[in-house]
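Subject: Structure for you to look at

Hello,

Here is the structure I said I would pass on. Please open it first and then read my notes below.

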Amino acid sequence: MSVKESKSIQQVLFSKRWWILTALILVIFTLWTAEFQEANTTAVLAGTLRHSTPLVLGAMCGLLCERSGVINIGIEGQMLMSAWGGFMIASTSGSLLLGVFAGIVIGMMMGAVLAGISVGLRGDQIIAGTVINIAAIGITSFFFSLGRTLPSGKTQVIKLGPLADIPVAGRVLFSNKPITFLTLLLIPTLWFLLFRTKWGLRTRAVGEHPSAAETVGVSVIGMRYFNVMMGGGVAGLAGAYLSLEAVGSFERGMTNGKGFVALAVMIFGRWNPVGAWGAALLFGYASAVQTQFQFRDWLTNDPQFIGIIPFVVTIVVLAGFVGRARPPASIGQPYSRE
Amino acid sequence: MPILAVALAIATGAIIIAFSGSSPVDAYKALIDGSLSDSKSIGRTLEKATPLVMGGLAVAFAFKAGLFNIGGQGQLVFGALIAGAVGYGITGLPWIIHTPLALLAGAVAGALWGAIPGILKASRGAHEVITTIMLNFVALNMTDWLASKVWREEGVIVRTPHIEESAEIPRWGEIPTGFLLAVVIAFVCWYLLRSTTFGFEIKSVGLNPNAAHYAGISVKKIVILTMAISGLLAALGGAIETQGVVGRYEPGFNAGLGFEGITIALLARTHPLAVIPAAILIGAMEAGGSMMQFKADVSPEITDIIQALILIFVATPIIVRWFLSQKEANELSVSTTWGSS
């Protein structure tokens with residue numbers, strides 16, 4: 001089943017022609033907006049990768065949860081809490097590494113809250129996620145004190161030796177900040193774990209048919225707790241990325257809807273980490289072109305129209321593709337052993 | 001049972017206040033002082049409660065059809081802006097026409113905006129939780145643009161001009177008339193859901209869309225109509241706020257109200273009449289929040305935390321059942337698969 005499914009995702013759902021056509025249009029558009037200059041092209045592509053990182057992390061959080069049958073609408077709140085917690089720890093301890101670590105731990109704790117309400121207490125999963133989102137806004141604004149700064153600054157760019165000197169590709173792929181590199185590693189790792197290991201098979205079994213999984217001795221409750229907490233950790237990494245790598249400070253509501261866009265990315269990517277990466281790059285590209293628009297003085301008088309692009313794209317994607325995507329079968333239903 | 005949830009939340013809030021180094025007793029005393037101590041503060045509480053009643057009704061109404069409308073914020077700002085535009089743009093009308101006209105314009109704008117996620121759900125199966133949140137961001141940007149480019153008042157501040165006197169909703173002594181209007185609307189919703197065929201159809205779709213479909217109810221029509229009415233209710237809250245309190249539309253208008261609607265609807269267990277006391281409770285927290293900062297040096301965001309705690313305790317009936325040891329599990333459920341319509 002595992003081989004068949006990963007194959008069908010590439011072959012049936014996303015015909016290759018469609019991908020090639022999209023890629024071609026994007027390349028032409030990129031070259032056009034960049035006026036065929038290397039620096040501009042690099043800027044757009046690097047921006048795409050930068051904007052896609054929190055989205056693909058959020059999407060991986062979502063698919064970890066949903067593959068085992070738990071809807072996570074609280075990614076936004078988990079990211080926000082981790083962005084705040086990671087920043088607070090990093091600014092008080094002076095260690096960015098500790099901050100990132102704290103972000104991941106806080107994300108896992110938020111995952112535990114979601115799992116506790118929706119798996120343990122069998123509450124409604126959508127309401128549980130909404131609770132996390134609202135609580136995150138309240139907690140982060142209550143405990144956030146203005147004027148805090150990071151003593152050591154945000155994470156720095158790492159260059160992978162001579163690879164980083166390759167024109168365009170080197171600057172885009174081999175000269176990045178640590179969490180970005182970590183994300184690029186995490187995508188194939190999660191794909192491998194989901195589709196090629198015993199844990200992955202069990203996760204998917206729990207998401208598709210929990211009582212069958214229970215019959216063969218898999219603990220449905222245990223798997224869901226574990227996966228939702230792991231997913232929370234990944235969302236935590238996304239939060240740490242925002243405050244410690246992308247911005248270098250915390251702002252109220254700094255996730256700005258990224259957790260929800262990540263859900264659309266997950267659906268667009270058919271609950272597959274590699275597919276989600278493709279979708280995240282598409283969304284990232286939409287944001288990167290925005291920046292380019294501002295840079296080139298297009299539509300600068302009406303920034304609101306540029307601001308809505310990612311949200312409109314999310315709606316269009318959801319309306320256009322979700323009807324044809326099939327989520328894990330047991331999603332949204334609390335499980336209780338009879 | 002909801003009372004217990006509130007009590008638990010307030011107790012937990014007290015622990016958090018104590019943790020942050022202030023006295024919980026002083027803080028809550030200041031909260032009550034600022035919200036319920038005299039007729040003026042009660043008036044302010046009711047004023048704050050008005051859009052909350054409407055926001056709570058919007059969420060509760062959609063819940064009856066099994067829909068989760070998180071788009072209250074977007075619908076509210078659209079209602080507020082359009083009511084403001086009609087309120088200042090049309091002149092020379094007597095108040096008996098102008099006031100309801102502006103309210104109606106805001107309500108219709110919200111109904112149309114609210115219908116979009118309904119249509120997307122009915123025709124394409126897009127989950128309303130995500131589309132409504134995305135539309136919130138779109139609505140905030142669009143109203144920002146309209147207020148700063150199309151209907152902007154001359155001057156440095158981005159806002160629409162003050163509405164005509166004929167469009168203003170007056171106060172009735174200390175009691176804002178808008179609040180009375182909201183109460184009337186709550187009763188209308190209650191009657192609609194309880195005693196009409198339409199209300200029966202909505203509840204049937206909420207309980208079991210398949211069964212409703214086989215009983216001959218057009219599920220798609222109900223989904224779209226319910227979302228439109230839900231949007232209308234939220235937008236009317238915005239319109240009342242513009243015409244009764246603020247007098248104009250400013251960007252950043254009542255940010256976050258959409259989420260409070262969810263808390264209130266869940267606290268009221270989606271009963272349209274129970275929305276009123278729930279909204280007054282949250283309204284009192286809003287009204288007393290600034291007093292709490294002034295007198296007890298507690299950041300007003302603590303009320304956000306208390307609200308989130310209320311939500312947690314309400315959303316998990318088992319916790320409360322454990323405390324009460326009785327099976328009063330009127331559980332709420334809105335989770336459907338992403339692809340279902």
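Arg50(A) sits in helix α3 of chain A, residues 38-67; helices here are DSSP runs of H or I with at least four residues, numbered from the N terminus. Because 20 other C-beta atoms lie within 10 Å, Arg50(A) is buried. The cut-offs are 20 or more other C-beta atoms within 10 Å for buried, 12 or fewer for exposed, and partly exposed in between, with C-beta atoms placed from the backbone.

The model is predicted: local features need pLDDT of at least 70 and side-chain atom pairs pLDDT 80 or more, while totals for chains, interfaces and linings use all residues. Residues are numbered from 1 along each chain as its sequence is written, and chains are lettered from A and ligands numbered from 1 in the order in which they are written.

In chain B, Gly55(B) belongs to helix α3, residues 39-64. Gly55(B) counts as buried because it has 32 C-beta neighbours inside 10 Å. Gly238(B) is 183 residues away from Gly55(B) in sequence, yet the two C-alpha atoms are 9.0 Å apart.

Gly238(B) also takes part in a helix pair, as one of the α10(B) residues that meet α4(B). How do the axes of the two helices cross? Those of α4(B) (residues 72-89) and α10(B) (residues 219-246) come within 7 Å and cross at roughly 45 degrees; axes are lines fitted to C-alpha atoms over the stretch in contact, and angles run from 0 to 180 degrees between N-to-C directions. The two helices are therefore oblique to each other (under 35 degrees is roughly parallel, over 145 roughly antiparallel, 65 to 115 roughly perpendicular, and the rest oblique).

Now the two chains together. Contact joins 42 residues of chain A with 39 residues of chain B, where contact means C-beta atoms, placed from the backbone, within 7 Å. On the chain A side, α6 (125-143), α12 (258-268), α14 (303-307) and α15 (309-321) each give two or more residues. The most come from α6(A), with 13 residues.

Last, the core. The largest nonpolar core has 204 residues, and Val265(A) and Val275(B) have the most contacts inside it; such a core is a set of buried Ala, Val, Leu, Ile, Met, Phe, Trp, Tyr and Cys residues joined through C-beta atoms within 7 Å. A second, separate core has six residues, among them Val206(A) and Met223(A).

Regards

Conventions:
Two residues are in contact if their C-beta atoms, placed from the backbone, lie within 7 Å.
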